[in-house]
Amino acid sequence: MSRGGASARPALRASRAQGVDWVLLGAVLALCVVGTLLVWSATSTRDSLTGGDSTAYLRKSLVNVAIGVVLLVVVTATDHRWVRILAPLAYLASLVGLGLVLVVGQTINGSRSWVQVGGMSIQPAEFAKLAVVIGAALLLAERAQAHRHRPVGTVEVVGMLLIAAVPAGLILAQPDLGTMLVLTATVFGVLAVSGAPRGWLVGLAASGVAVALTAVALGLLEDYQVDRFLAFTDPELDPRGAGYNVEQARIAVGNGGLLGQGLFDGSQTRSGFVPEQHTDFVFTVAGEELGLLGAGLLVGLLGVVVWRALAIALHADDVFGRVAAAGIACWFGFQTFQNVGMCLGIMPVTGVPLPFVSYGGSSMFAGMLAVGLLQNVHLRSAAPLPTRYTAAPALLRG
(Lines give C-alpha, C1' and ligand atoms only; values in the text may rest on other atoms or scores of the structure.)
Protein backbone atom coordinates (compact mmCIF):
# COMPACT_ATOMS: atom_id res chain seq x y z
CA MET A 1 0.00 0.00 0.00
CA SER A 2 1.23 3.51 -0.73
CA ARG A 3 2.18 5.89 2.08
CA GLY A 4 -0.77 8.08 1.18
CA GLY A 5 -3.14 5.16 1.60
CA ALA A 6 -1.53 4.10 4.91
CA SER A 7 -1.67 7.60 6.36
CA ALA A 8 -5.26 8.04 5.22
CA ARG A 9 -6.48 4.94 7.07
CA PRO A 10 -6.28 6.37 10.65
CA ALA A 11 -7.84 9.63 9.45
CA LEU A 12 -10.67 7.73 7.81
CA ARG A 13 -11.31 5.67 10.94
CA ALA A 14 -11.29 8.77 13.14
CA SER A 15 -13.67 10.65 10.86
CA ARG A 16 -16.08 7.71 10.79
CA ALA A 17 -16.05 7.45 14.59
CA GLN A 18 -16.71 11.17 14.91
CA GLY A 19 -19.42 11.00 12.28
CA VAL A 20 -21.49 8.35 14.05
CA ASP A 21 -24.81 9.68 15.34
CA TRP A 22 -24.24 8.80 18.98
CA VAL A 23 -27.61 10.15 20.08
CA LEU A 24 -29.41 7.77 17.71
CA LEU A 25 -27.19 4.86 18.71
CA GLY A 26 -27.64 5.59 22.42
CA ALA A 27 -31.43 5.78 22.12
CA VAL A 28 -31.59 2.48 20.21
CA LEU A 29 -29.35 0.65 22.69
CA ALA A 30 -31.32 2.07 25.62
CA LEU A 31 -34.54 0.80 24.03
CA CYS A 32 -32.96 -2.64 23.59
CA VAL A 33 -31.93 -2.74 27.27
CA VAL A 34 -35.35 -1.66 28.52
CA GLY A 35 -37.10 -3.96 26.06
CA THR A 36 -35.05 -6.96 27.21
CA LEU A 37 -35.98 -6.28 30.84
CA LEU A 38 -39.67 -5.87 29.96
CA VAL A 39 -39.71 -9.10 27.95
CA TRP A 40 -37.99 -10.92 30.81
CA SER A 41 -40.58 -9.60 33.25
CA ALA A 42 -43.49 -10.55 30.96
CA THR A 43 -42.25 -14.13 30.52
CA SER A 44 -40.53 -15.04 33.79
CA THR A 45 -43.74 -16.48 35.29
CA ARG A 46 -45.17 -17.97 32.07
CA ASP A 47 -44.18 -21.62 32.34
CA SER A 48 -46.18 -22.39 29.20
CA LEU A 49 -43.76 -20.16 27.28
CA THR A 50 -40.51 -20.80 29.11
CA GLY A 51 -40.86 -24.47 30.01
CA GLY A 52 -40.12 -23.59 33.62
CA ASP A 53 -36.94 -21.62 32.85
CA SER A 54 -37.63 -18.07 34.00
CA THR A 55 -34.60 -16.68 32.15
CA ALA A 56 -35.32 -18.38 28.79
CA TYR A 57 -36.56 -15.23 27.06
CA LEU A 58 -33.88 -13.11 28.67
CA ARG A 59 -31.23 -15.19 26.92
CA LYS A 60 -33.16 -15.25 23.64
CA SER A 61 -33.60 -11.47 23.72
CA LEU A 62 -29.90 -10.92 24.41
CA VAL A 63 -29.00 -13.12 21.44
CA ASN A 64 -31.39 -11.16 19.20
CA VAL A 65 -29.90 -7.86 20.34
CA ALA A 66 -26.34 -9.14 19.82
CA ILE A 67 -27.10 -10.30 16.27
CA GLY A 68 -28.88 -7.02 15.61
CA VAL A 69 -25.88 -4.98 16.76
CA VAL A 70 -23.61 -6.97 14.44
CA LEU A 71 -25.95 -6.24 11.52
CA LEU A 72 -26.02 -2.56 12.47
CA VAL A 73 -22.21 -2.36 12.51
CA VAL A 74 -21.87 -4.20 9.20
CA VAL A 75 -24.30 -1.89 7.38
CA THR A 76 -22.78 1.19 9.01
CA ALA A 77 -19.27 0.20 7.88
CA THR A 78 -20.29 -0.77 4.34
CA ASP A 79 -19.24 1.63 1.60
CA HIS A 80 -22.31 3.60 0.44
CA ARG A 81 -21.73 2.49 -3.14
CA TRP A 82 -22.17 -1.13 -2.09
CA VAL A 83 -25.36 -0.18 -0.27
CA ARG A 84 -26.74 1.15 -3.56
CA ILE A 85 -25.60 -1.97 -5.43
CA LEU A 86 -27.07 -4.39 -2.88
CA ALA A 87 -30.40 -2.55 -2.55
CA PRO A 88 -32.10 -4.42 -5.46
CA LEU A 89 -30.85 -7.74 -4.07
CA ALA A 90 -32.34 -6.93 -0.67
CA TYR A 91 -35.66 -6.14 -2.33
CA LEU A 92 -35.65 -9.41 -4.30
CA ALA A 93 -34.67 -11.38 -1.19
CA SER A 94 -37.67 -9.97 0.67
CA LEU A 95 -39.99 -11.05 -2.16
CA VAL A 96 -38.53 -14.56 -2.08
CA GLY A 97 -39.08 -14.70 1.67
CA LEU A 98 -42.68 -13.52 1.38
CA GLY A 99 -43.28 -16.12 -1.33
CA LEU A 100 -41.83 -18.90 0.83
CA VAL A 101 -44.19 -17.92 3.64
CA LEU A 102 -47.20 -18.71 1.44
CA VAL A 103 -45.69 -22.10 0.50
CA VAL A 104 -44.06 -23.45 3.66
CA GLY A 105 -44.94 -20.83 6.27
CA GLN A 106 -46.35 -21.39 9.74
CA THR A 107 -49.77 -20.04 10.73
CA ILE A 108 -49.78 -18.29 14.10
CA ASN A 109 -52.73 -16.28 15.45
CA GLY A 110 -54.56 -16.54 12.12
CA SER A 111 -51.68 -15.23 10.00
CA ARG A 112 -49.33 -17.31 7.85
CA SER A 113 -46.32 -15.05 8.38
CA TRP A 114 -43.38 -17.14 9.62
CA VAL A 115 -40.80 -19.41 8.01
CA GLN A 116 -38.84 -21.84 10.15
CA VAL A 117 -35.09 -21.58 9.54
CA GLY A 118 -33.25 -24.01 11.77
CA GLY A 119 -34.34 -23.24 15.31
CA MET A 120 -35.50 -19.71 14.49
CA SER A 121 -38.77 -18.40 13.08
CA ILE A 122 -38.26 -15.62 10.53
CA GLN A 123 -40.98 -13.14 9.57
CA PRO A 124 -40.08 -11.87 6.06
CA ALA A 125 -42.73 -9.12 6.22
CA GLU A 126 -40.54 -7.25 8.74
CA PHE A 127 -37.71 -7.06 6.22
CA ALA A 128 -40.14 -6.08 3.44
CA LYS A 129 -40.67 -2.70 5.16
CA LEU A 130 -36.99 -1.85 4.79
CA ALA A 131 -36.85 -3.36 1.29
CA VAL A 132 -39.67 -1.13 0.05
CA VAL A 133 -38.02 1.97 1.54
CA ILE A 134 -34.65 1.34 -0.09
CA GLY A 135 -36.34 0.29 -3.35
CA ALA A 136 -38.20 3.59 -3.56
CA ALA A 137 -35.07 5.50 -2.54
CA LEU A 138 -33.03 3.80 -5.27
CA LEU A 139 -35.67 4.56 -7.89
CA LEU A 140 -35.69 8.26 -7.02
CA ALA A 141 -31.90 8.38 -6.84
CA GLU A 142 -31.58 6.93 -10.34
CA ARG A 143 -34.19 9.40 -11.62
CA ALA A 144 -32.33 12.30 -10.01
CA GLN A 145 -29.11 11.31 -11.75
CA ALA A 146 -30.81 11.06 -15.14
CA HIS A 147 -33.06 14.13 -14.79
CA ARG A 148 -31.49 16.34 -12.15
CA HIS A 149 -33.92 19.26 -12.32
CA ARG A 150 -37.14 17.47 -13.22
CA PRO A 151 -39.71 17.28 -10.38
CA VAL A 152 -41.23 13.98 -9.29
CA GLY A 153 -44.18 13.19 -11.51
CA THR A 154 -46.58 10.43 -12.49
CA VAL A 155 -43.88 8.07 -13.79
CA GLU A 156 -41.97 8.15 -10.50
CA VAL A 157 -45.11 7.84 -8.36
CA VAL A 158 -46.32 4.84 -10.35
CA GLY A 159 -42.86 3.30 -10.11
CA MET A 160 -42.80 3.62 -6.32
CA LEU A 161 -46.32 2.22 -6.06
CA LEU A 162 -45.31 -0.78 -8.16
CA ILE A 163 -42.29 -1.36 -5.92
CA ALA A 164 -44.62 -1.45 -2.92
CA ALA A 165 -47.47 -3.33 -4.64
CA VAL A 166 -45.71 -6.70 -5.04
CA PRO A 167 -44.73 -7.18 -1.37
CA ALA A 168 -48.02 -5.63 -0.29
CA GLY A 169 -49.96 -8.23 -2.26
CA LEU A 170 -47.94 -11.06 -0.74
CA ILE A 171 -48.44 -9.63 2.76
CA LEU A 172 -52.20 -9.35 2.24
CA ALA A 173 -52.27 -12.99 1.14
CA GLN A 174 -50.92 -14.11 4.53
CA PRO A 175 -52.98 -12.09 5.75
CA ASP A 176 -51.00 -9.64 7.93
CA LEU A 177 -53.12 -6.52 8.30
CA GLY A 178 -50.85 -4.86 10.86
CA THR A 179 -47.77 -4.97 8.64
CA MET A 180 -49.89 -3.83 5.71
CA LEU A 181 -50.98 -0.72 7.62
CA VAL A 182 -47.39 0.12 8.55
CA LEU A 183 -46.22 -0.44 4.98
CA THR A 184 -49.00 1.77 3.62
CA ALA A 185 -48.14 4.61 6.00
CA THR A 186 -44.45 4.26 5.15
CA VAL A 187 -45.06 4.39 1.38
CA PHE A 188 -47.32 7.41 1.80
CA GLY A 189 -44.61 9.14 3.82
CA VAL A 190 -41.96 8.36 1.19
CA LEU A 191 -44.20 9.77 -1.53
CA ALA A 192 -44.81 12.94 0.48
CA VAL A 193 -41.10 13.45 1.18
CA SER A 194 -40.16 12.77 -2.44
CA GLY A 195 -42.23 15.73 -3.59
CA ALA A 196 -45.00 13.76 -5.27
CA PRO A 197 -47.85 15.93 -6.60
CA ARG A 198 -50.43 16.77 -3.95
CA GLY A 199 -53.21 15.40 -6.15
CA TRP A 200 -51.59 11.96 -6.04
CA LEU A 201 -51.36 12.05 -2.25
CA VAL A 202 -55.01 13.06 -1.82
CA GLY A 203 -56.12 10.49 -4.39
CA LEU A 204 -54.14 7.70 -2.75
CA ALA A 205 -55.51 8.54 0.70
CA ALA A 206 -59.08 8.53 -0.63
CA SER A 207 -58.44 5.27 -2.49
CA GLY A 208 -57.09 3.65 0.66
CA VAL A 209 -60.21 4.53 2.61
CA ALA A 210 -62.41 3.28 -0.24
CA VAL A 211 -60.53 -0.02 -0.48
CA ALA A 212 -60.79 -0.58 3.28
CA LEU A 213 -64.54 0.06 3.29
CA THR A 214 -65.02 -2.19 0.25
CA ALA A 215 -63.03 -5.00 1.89
CA VAL A 216 -65.25 -4.86 4.96
CA ALA A 217 -68.46 -4.63 2.93
CA LEU A 218 -67.54 -7.59 0.70
CA GLY A 219 -66.34 -9.74 3.58
CA LEU A 220 -62.74 -9.93 2.30
CA LEU A 221 -61.27 -9.64 5.80
CA GLU A 222 -61.00 -12.61 8.14
CA ASP A 223 -63.63 -12.80 10.89
CA TYR A 224 -61.08 -12.25 13.64
CA GLN A 225 -59.83 -9.09 11.90
CA VAL A 226 -63.34 -7.65 11.68
CA ASP A 227 -63.91 -8.55 15.33
CA ARG A 228 -60.77 -6.65 16.32
CA PHE A 229 -62.00 -3.50 14.61
CA LEU A 230 -65.44 -3.86 16.20
CA ALA A 231 -63.79 -4.34 19.60
CA PHE A 232 -61.78 -1.18 18.99
CA THR A 233 -64.97 0.83 18.51
CA ASP A 234 -66.57 -0.74 21.59
CA PRO A 235 -64.58 -3.25 23.73
CA GLU A 236 -67.74 -4.02 25.72
CA LEU A 237 -69.23 -5.77 22.68
CA ASP A 238 -67.19 -8.90 23.44
CA PRO A 239 -65.15 -8.43 26.62
CA ARG A 240 -64.21 -12.12 26.80
CA GLY A 241 -63.41 -12.43 23.11
CA ALA A 242 -62.15 -9.83 20.65
CA GLY A 243 -62.33 -7.05 23.27
CA TYR A 244 -60.41 -9.02 25.90
CA ASN A 245 -56.95 -7.86 24.81
CA VAL A 246 -57.94 -4.20 24.81
CA GLU A 247 -59.64 -4.38 28.21
CA GLN A 248 -56.74 -6.20 29.88
CA ALA A 249 -54.21 -3.85 28.28
CA ARG A 250 -56.06 -0.82 29.62
CA ILE A 251 -56.24 -2.34 33.11
CA ALA A 252 -52.52 -3.12 33.10
CA VAL A 253 -51.52 0.38 31.99
CA GLY A 254 -53.96 1.94 34.46
CA ASN A 255 -52.52 -0.11 37.33
CA GLY A 256 -49.14 1.57 36.94
CA GLY A 257 -50.13 5.03 38.06
CA LEU A 258 -47.37 7.62 38.03
CA LEU A 259 -44.38 5.56 39.20
CA GLY A 260 -45.50 2.00 38.49
CA GLN A 261 -45.65 -1.13 40.63
CA GLY A 262 -41.98 -1.95 40.12
CA LEU A 263 -40.14 -4.09 37.58
CA PHE A 264 -41.17 -7.77 37.91
CA ASP A 265 -43.95 -6.77 40.35
CA GLY A 266 -46.85 -5.89 38.04
CA SER A 267 -50.00 -7.70 39.17
CA GLN A 268 -51.50 -8.08 35.68
CA THR A 269 -48.15 -9.04 34.22
CA ARG A 270 -47.32 -11.61 36.92
CA SER A 271 -50.78 -13.14 36.55
CA GLY A 272 -50.52 -13.40 32.77
CA PHE A 273 -53.82 -11.67 32.06
CA VAL A 274 -52.58 -9.74 29.00
CA PRO A 275 -52.12 -12.00 25.93
CA GLU A 276 -48.95 -11.68 23.83
CA GLN A 277 -47.51 -9.36 26.46
CA HIS A 278 -43.88 -10.01 25.52
CA THR A 279 -44.50 -9.18 21.86
CA ASP A 280 -47.35 -6.97 20.66
CA PHE A 281 -48.44 -5.77 24.12
CA VAL A 282 -45.04 -5.23 25.74
CA PHE A 283 -45.88 -1.55 26.28
CA THR A 284 -48.44 -2.63 28.89
CA VAL A 285 -45.57 -4.05 30.98
CA ALA A 286 -43.89 -0.64 30.88
CA GLY A 287 -47.15 1.08 31.79
CA GLU A 288 -47.87 -1.20 34.76
CA GLU A 289 -44.38 -1.72 36.17
CA LEU A 290 -42.64 1.55 35.27
CA GLY A 291 -45.69 3.80 35.46
CA LEU A 292 -46.51 6.91 33.47
CA LEU A 293 -42.99 8.27 33.87
CA GLY A 294 -41.28 5.07 32.73
CA ALA A 295 -43.66 4.51 29.82
CA GLY A 296 -43.28 8.16 28.87
CA LEU A 297 -39.50 7.77 28.85
CA LEU A 298 -39.88 4.76 26.54
CA VAL A 299 -42.02 6.77 24.13
CA GLY A 300 -39.51 9.62 24.41
CA LEU A 301 -36.63 7.34 23.37
CA LEU A 302 -38.62 6.16 20.36
CA GLY A 303 -39.31 9.80 19.56
CA VAL A 304 -35.57 10.48 19.64
CA VAL A 305 -35.02 7.69 17.08
CA VAL A 306 -37.61 9.22 14.75
CA TRP A 307 -36.19 12.72 15.30
CA ARG A 308 -32.65 11.62 14.47
CA ALA A 309 -33.87 9.78 11.35
CA LEU A 310 -35.59 12.95 10.15
CA ALA A 311 -32.49 15.03 10.96
CA ILE A 312 -30.34 12.62 8.97
CA ALA A 313 -32.77 12.87 6.07
CA LEU A 314 -32.64 16.66 6.22
CA HIS A 315 -28.84 16.77 6.08
CA ALA A 316 -28.29 13.88 3.63
CA ASP A 317 -26.22 14.93 0.63
CA ASP A 318 -27.89 12.63 -1.90
CA VAL A 319 -31.41 11.63 -2.89
CA PHE A 320 -31.00 7.98 -1.92
CA GLY A 321 -29.95 8.82 1.63
CA ARG A 322 -32.59 11.51 2.05
CA VAL A 323 -35.50 9.34 0.92
CA ALA A 324 -34.28 6.21 2.73
CA ALA A 325 -33.85 8.05 6.04
CA ALA A 326 -37.25 9.76 5.75
CA GLY A 327 -38.91 6.44 4.89
CA ILE A 328 -37.35 4.79 7.95
CA ALA A 329 -38.59 7.67 10.11
CA CYS A 330 -42.14 7.15 8.77
CA TRP A 331 -41.88 3.41 9.41
CA PHE A 332 -40.67 3.72 13.02
CA GLY A 333 -43.01 6.62 13.76
CA PHE A 334 -46.23 5.01 12.55
CA GLN A 335 -45.40 1.58 13.97
CA THR A 336 -44.74 3.13 17.38
CA PHE A 337 -48.01 5.05 17.23
CA GLN A 338 -49.93 1.94 16.17
CA ASN A 339 -48.45 -0.29 18.87
CA VAL A 340 -48.78 2.18 21.75
CA GLY A 341 -52.20 3.22 20.48
CA MET A 342 -53.61 -0.30 20.54
CA CYS A 343 -52.29 -0.79 24.09
CA LEU A 344 -54.15 2.38 25.14
CA GLY A 345 -57.29 1.53 23.18
CA ILE A 346 -57.03 4.41 20.71
CA MET A 347 -56.01 2.18 17.77
CA PRO A 348 -57.35 -1.21 16.67
CA VAL A 349 -55.42 -4.36 17.62
CA THR A 350 -53.42 -5.34 14.53
CA GLY A 351 -50.42 -7.16 15.93
CA VAL A 352 -47.35 -5.01 15.21
CA PRO A 353 -44.27 -5.01 17.48
CA LEU A 354 -42.89 -1.99 19.31
CA PRO A 355 -39.56 -1.21 17.59
CA PHE A 356 -36.48 -2.43 19.55
CA VAL A 357 -38.67 -3.29 22.56
CA SER A 358 -40.98 -6.19 21.64
CA TYR A 359 -39.55 -9.69 21.58
CA GLY A 360 -38.88 -10.99 18.09
CA GLY A 361 -35.76 -11.64 16.05
CA SER A 362 -37.13 -10.49 12.69
CA SER A 363 -38.35 -7.17 14.05
CA MET A 364 -35.06 -6.58 15.87
CA PHE A 365 -32.92 -7.50 12.87
CA ALA A 366 -34.91 -5.37 10.42
CA GLY A 367 -34.85 -2.42 12.82
CA MET A 368 -31.10 -2.69 13.39
CA LEU A 369 -30.46 -2.93 9.64
CA ALA A 370 -32.47 0.27 9.24
CA VAL A 371 -30.48 2.04 11.96
CA GLY A 372 -27.27 0.85 10.29
CA LEU A 373 -28.48 2.41 7.04
CA LEU A 374 -29.25 5.66 8.89
CA GLN A 375 -25.75 5.69 10.34
CA ASN A 376 -24.30 4.97 6.89
CA VAL A 377 -26.13 7.94 5.41
CA HIS A 378 -25.11 10.14 8.34
CA LEU A 379 -21.45 9.13 8.10
CA ARG A 380 -21.33 10.05 4.43
CA SER A 381 -23.02 13.39 5.04
CA ALA A 382 -20.87 14.21 8.08
CA ALA A 383 -17.51 13.12 6.63
CA PRO A 384 -15.03 15.97 5.97
CA LEU A 385 -14.46 16.64 2.29
CA PRO A 386 -10.83 15.38 2.19
CA THR A 387 -11.89 12.12 3.84
CA ARG A 388 -15.00 11.66 1.75
CA TYR A 389 -13.50 12.35 -1.65
CA THR A 390 -9.75 11.77 -1.27
CA ALA A 391 -8.90 9.31 1.49
CA ALA A 392 -11.53 6.68 0.67
CA PRO A 393 -10.56 6.35 -3.01
CA ALA A 394 -6.92 6.13 -1.94
CA LEU A 395 -7.75 3.19 0.29
CA LEU A 396 -9.67 1.50 -2.50
CA ARG A 397 -6.69 1.89 -4.78
CA GLY A 398 -4.44 0.34 -2.11
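**Salt bridges and a helix**

Author: This is a predicted model. A network of salt bridges links Asp317, Asp318 and Arg380.

Reader: How far apart in sequence are the parts tied together by aspartate 317 and arginine 380?

Author: Aspartate 317 forms a salt bridge with arginine 380, with the closest N and O atoms 3.4 Å apart. Aspartate 317 sits in the loop between H14 and helix H15 (319–344), and arginine 380 in helix H16 (residues 361–382), so the pair ties together parts separated in sequence by 63 residues.

Reader: Is aspartate 317 buried or partly exposed?

Author: Buried means under 20% relative accessible area, and exposed means over 50%. The relative accessible area of aspartate 317 is 35%, so aspartate 317 is partly exposed.

Reader: Which helix holds arginine 308, the partner of aspartate 21?

Author: The side chains of aspartate 21 and arginine 308 meet in a salt bridge at 2.8 Å, N to O. The pair links distant parts of the chain, 287 residues apart. Aspartate 21 is in the loop between helix H1 (3–19) and helix H2 (22–43), while arginine 308 is in helix H14 (residues 291–315).

Reader: How many salt bridges does the structure hold?

Author: Another pair is arginine 59 with aspartate 53, at 2.7 Å, N to O. The structure holds 7 salt bridges.

Reader: What distance separates the end C-alpha atoms of helix H4?

Author: Helix H4 (residues 56–77) has 22 residues. At 1.5 Å a residue, helix H4 should span 32 Å. The end C-alpha atoms agree with this, being apart by 32 Å.

Methods: Residues are numbered from 1 along each chain as its sequence is written. This is a predicted model: local features need pLDDT of at least 70, side-chain atom pairs count only at pLDDT 80 or more; totals for chains, interfaces and linings use all residues. Side-chain values use heavy atoms; hydrogens and water are left out. Helices (H or I, at least four residues) and strands (E, at least two) are DSSP runs, numbered from the N terminus. The expected span of a helix is 1.5 Å times one less than its number of residues. A salt bridge is a side-chain nitrogen of Lys or Arg within 4 Å of a carboxyl oxygen of Asp or Glu. Buried means under 20% relative accessible area, exposed over 50%, partly exposed in between (1.4 Å probe, protein chains only).
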